[in-house]
Structure formats: structure tokens, C-alpha cells
Amino acid sequence: MSDGELVGPDEGVPCMWMRGGTSKGGYFLASDLPADRDAFLLRVMGSPDPRQIDGMGGGDPLTSKVAVIKRSERPDVDVDYLFLQVFIDEPIVTDAQNCGNILAGVGPFAIERDLIKAKAGETEVRIFMENTGQVARARVSTPGGRVTYSGVARIDGVPGTSAPVPITFADTAGSSCGALLPTGNAVDVIDGVECTLIDNGMPCVVMRAADLGIEGTETPEALEANAGLREKLEAIRLKAGPTMNLGDVTKKSVPKMTMVSAARASGAISTRTFIPHKCHDAIGVLGAVSVATACLLAEGPARDLAKIPEGGEKLISVEHPTGEMSVIVTVKDGGVTNAAVLRTARKLFDGRVFG
């Protein structure tokens, strides 16, 4: 199958289904996808349908994702990775954002598809993220020169343990919006709410939970049932989009809307995030990087509430509804130079998927 051909309903395409971080989706070689890529992926996922009953999607934005991967021709890069979000109840496939969770499966997939050769013990995979034009470095466990998914690493939001996949990001500031703070301000006021409009790998609007009339401890289900909150968040999001250089975001999955409050456990800050219309059970990897960076600004909702550790390398524990995500940020000359997170991945099946 080549990317210049159409795929009929009875013709399958090679695909590996994987859990990457706290997300799940289909991983494809770019050369295996057909010319009607988006229509094919909508059929594969079963969209549009809230249950995605006629496809592989799980009825949740976190389980309706796609990674498209190819060997890179760029210097000092191994593979190129394009992330696609398949909407659930609308016929939309978008590349408007990145995904740091699905990113966790890119290195293992690339090795399994022989795009790069595994080393004994551990293999570093240099990944160009096409959505944002940035490079991430993932370290994959490869004992005996083969990928293993078994290990003792644990991440919140995923049961059990798996092999660790540490990922380091550099130069992600302004990856979608053109600047870390696209308006030039650490604080902007939209509809009477103080917001930090920030992009350190993921465009986010960071607000105090209290300013939205919530505690910040509510369950995702309770927040989704709050119609007034959802309406206010969407009104702010639609106004924030153009000022963040994202244009009209009515049909886009960015910016993410994160409400922050004081940490409840031993973390730096607590979060509740809409992505953008459903409340995340956790928080996205790059969303956590953006929030952690907001905690380190001179001012703003996150900075006002966060507990900041000392030192040039800071572990910012971002609490979320199902646990926390630790972001290790390196600060130099008052700015964040890079960030690292720990993720895991697991292969679920490898075969052909039908559209």
C-alpha cells in the first residue's frame, strides 16, 4: 500500500496500536497511509459517533489519537512524527497540536519498524515533532538490542508498571504560538479573569480555579456537568485563540484550558484541564511542561499559587485528578532551557486495521 492509493473497506493497512503515556492510539508508517488519509482515519476510529462503536476509538479524546512516523532526512534526527487528533463526534482530523503522551510510543515503534537500529541496553531516538517543528529525545529500553515494554516504571493514570521512556524537550517555547508568552504579558485579563497565555510545547490558558468559581478539587465528571463553567471557559478560549496567534479556534483542539489551585499533596501546584471541551482525567505531557513553566514566571495565577523548589534544576510536580506528573526543568538566566518527563508505553497489537 502506498500513500497515493485509496483504501477500500475490505483492505487493511499495517498499524500498531499502542498506549503512549496516558493516551492510546494507532501508529502508522507515513508510507502505509492512503491518499484519503483523514477519511480513512475517521473510519478507523469510528468517528463521528460519541461511542465510536464502529471503530477502534474508545469514545474519549485520549483514545482517539494517531501517530504518523517516517525515517527523517533532517540532520541529527532519526524520525519525523506527526500527531493527529481524531475528533469523536465531528468529522475532523487535526494536526493543530502536538501530543507528548503519544510521543512516548514513537521511539519503540520506530525501532520495531526498523527505522533505526537498536543498541544493547538503551537506545536514544531523536524525534522531530512535525506539528511544532521541535525535537525531542526519547530513551527506549532495548536489552539485547530489542524493545522491551516490561519494567518497573509507574506513571499516574496508568495501572501497573512498564519500561521507562524518559523524554527530554528543548527549545519548545513558542512552538505553536511563536513565543512563550504570545501576547508579551505574563498576565492578561479576559472576561474579568486573570489568565497566563503560554506555549512551552502546548498552548495553554492558565487561570485560578477560584476565579472560575470552583475549588479545583472537583472530579472531571463534576466539572463537565457544570454547564456555566464550560460556557465561561469556551468564551475565554475563543477570545484567547486569536491573541495567541492561533486564529479562530472554534474547530481546534487548542488552547488547553487549565485551572490551577494550591497543591493538595506534596506537589507544586494542582490542576484541572479541559482539552478543550472535555475535562482531562490527568494532564497532557506538554501541557504539564507549559504549566510548570507558568509556575516559574515572575507573576501570574500559577506563580501565585505554586510551591517552587530551589536550585537551577527544579522538579515541578503538577498534580492532576488521577495523580501527578513530574516535570524536571532547567532554569538558566531566568528562563527555562529544557524540560524532561518520564513516560511509559506498551504495544497492544500489531497487524492490519480496516477502514
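The following legends describe an overall view and several close-up views of a predicted model.

**Figure 1. Overall fold of the protein chain.** The protein chain comprises 6 helices and 16 strands. Its C-alpha trace extends over about 55 × 45 × 35 Å along the principal axes.

**Figure 2. Salt bridge between Arg37 and Asp38.** The two side chains meet with an N to O distance of 2.9 Å. Arg37 is partly exposed because its relative accessibility is 25%, and Asp38, at 29%, likewise counts as partly exposed.

**Figure 3. Salt bridge between Glu112 and Lys347.** The side chains of Glu112 and Lys347 pair at 3.1 Å, N to O. Glu112 belongs to helix H2 (residues 106-112) and Lys347 to strand S16 (residues 335-354), so that distant parts of the chain, 235 residues apart, are linked. Relative accessibility is 28% for Glu112, which is therefore partly exposed; Lys347 is also partly exposed, at 29%.

**Figure 4. Salt bridge between Arg113 and Asp350.** The closest N and O atoms of Arg113 and Asp350 lie 2.9 Å apart. Arg113 is located in the loop between H2 and strand S6 (121-129), whereas Asp350 is in strand S16; the pair therefore ties together parts 237 residues apart in sequence. Asp350 has a relative accessible area of 42% and is partly exposed.

Key: Residues numbered from 1 in each chain as written. Predicted model: local features only at pLDDT ≥ 70, side-chain atom pairs only at ≥ 80, totals over all residues. Heavy atoms only, no water. Helix = DSSP H or I, 4+ residues; strand = E, 2+ residues; numbered from the N terminus. Salt bridge = Lys/Arg side-chain N within 4 Å of Asp/Glu carboxyl O. Buried < 20%, exposed > 50% of the residue type's maximum accessible area, 1.4 Å probe, protein only.
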